[in-house]
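Could you walk me through this structure one feature at a time? I would like the general idea where there is one, and then the case at hand.

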Amino acid sequence: MAQTAENDGLSPDERDCRRKQEAALISGEIVVCGDRADHDRHRLAPPGDARKRFAEETMDRGLARAPDFEPPPCVPSLLSWCSGQGRIGEDTVVVDFDALPEAPEGSDADRIAKGEVPE
């Protein structure tokens, strides 16, 4: 009766292990019982899962910087020549469309202006 009360709080695996240990006392065997409830704790993750977990843990760490595609600054010297040295940007092209003559009647330009297909 004492054994039954003692085994009541045990899981079926623990009861089975206890029974084998008691039988081993008689036969002289060594019985090793382990906990099978948390077997995933000792299992290695597949390589894909490990890479994914590493990527999730290290994502957005530090400051993300875009690459610098600008050429290095030009420093004039005896061995280098800097084109555009002293210039202030590119030359601007100004077109006065009001100064252009009207397109001749029936020309491709006239037909395009009217929304027709040129010939």
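The dialogue below goes from the overall layout to single residues.

Q: What kind of model is this, and which elements does the chain have?

A: This is a predicted model. The chain has four helices and zero strands, and from the N terminus on its elements run α-α-α-α.

Q: How many of the residues of the chain count as buried?

A: A residue counts as buried when its relative accessible area is under 20%. Of the 119 residues in this chain, 6% count as buried. The accessible surface of the chain comes to about 11,900 Å², and 56% of that area belongs to carbon and sulfur atoms.

Q: How does the reach of helix H2 relate to the span expected at 1.5 Å a residue?

A: Helix H2, which covers residues 12–27 and has 16 residues, reaches 23 Å from its first C-alpha to its last, close to the expected 22 Å. Helix H3 can be read in this way too: with twelve residues, H3 reaches 16 Å between its first and last C-alpha, close to the 16 Å expected.

Q: What is found just after H2, and which residue follows H3?

A: Just after H2 comes Gly28, which takes a positive phi of about 85°. H3 is followed by Asp60, and the phi of Asp60 is positive as well, near 60°.

Q: What should I know about helices and charges before I look at salt bridges?

A: An α-helix has 3.6 residues a turn, so residues three or four places apart point the same way. Side chains of opposite charge can pair when their charged atoms come close. In this structure the count comes to six salt bridges, and Asp16, Arg19 and Lys20 are linked in a network of such bridges.

Q: Which residues form salt bridges with Lys114?

A: Glu105 forms a salt bridge with Lys114, with the closest N and O atoms 2.9 Å apart, and the side chains of Lys114 and Asp110 also meet in a salt bridge, at 3.2 Å from N to O. Lys114 counts as partly exposed because its relative accessible area is 48%, whereas Glu105, with a relative accessible area of 68%, is exposed.

Q: Is Asp110 buried or exposed, and what is Asp110 in contact with?

A: Asp110 lies in helix H4, which spans residues 108–113, and Asp110 counts as buried because its relative accessibility is 11%. When neighbours within four places in sequence are left aside, Asp110 is in contact with Ala103, Pro104 and Glu105.

Q: Which residue forms a salt bridge with Arg111?

A: Arg111 forms a salt bridge with Glu116, and the closest N and O atoms of this pair are 3.6 Å apart. Arg111, at 22% relative accessibility, counts as partly exposed, and Glu116, at 39%, also counts as partly exposed.

Q: Which residues make the nonpolar surface patch, and why does Phe97 count as exposed?

A: The patch is made by Val93, Val95, Phe97 and Leu100, and comes to about 460 Å². Phe97 is found in the loop between helix H3, residues 47–58, and H4. Phe97 counts as exposed because its relative accessibility is 63%, and the cut-off for exposed is over 50%.

Terms used
Residues numbered from 1 in each chain as written. Predicted model: local features only at pLDDT ≥ 70, side-chain atom pairs only at ≥ 80, totals over all residues. Heavy atoms only, no water. Helix = DSSP H or I, 4+ residues; strand = E, 2+ residues; numbered from the N terminus. Expected span 1.5 Å × (residues − 1). Buried < 20%, exposed > 50% of the residue type's maximum accessible area, 1.4 Å probe, protein only. Contact = heavy atoms within 4.5 Å. Areas by Shrake-Rupley, 256 points an atom, 1.4 Å probe, with all protein chains shown as cover. Patch = residues over 30% accessible without salt bridge, like charges linked within 9 Å, V, L, I, M, F, W, Y side chains within 5 Å. Salt bridge = Lys/Arg side-chain N within 4 Å of Asp/Glu carboxyl O.
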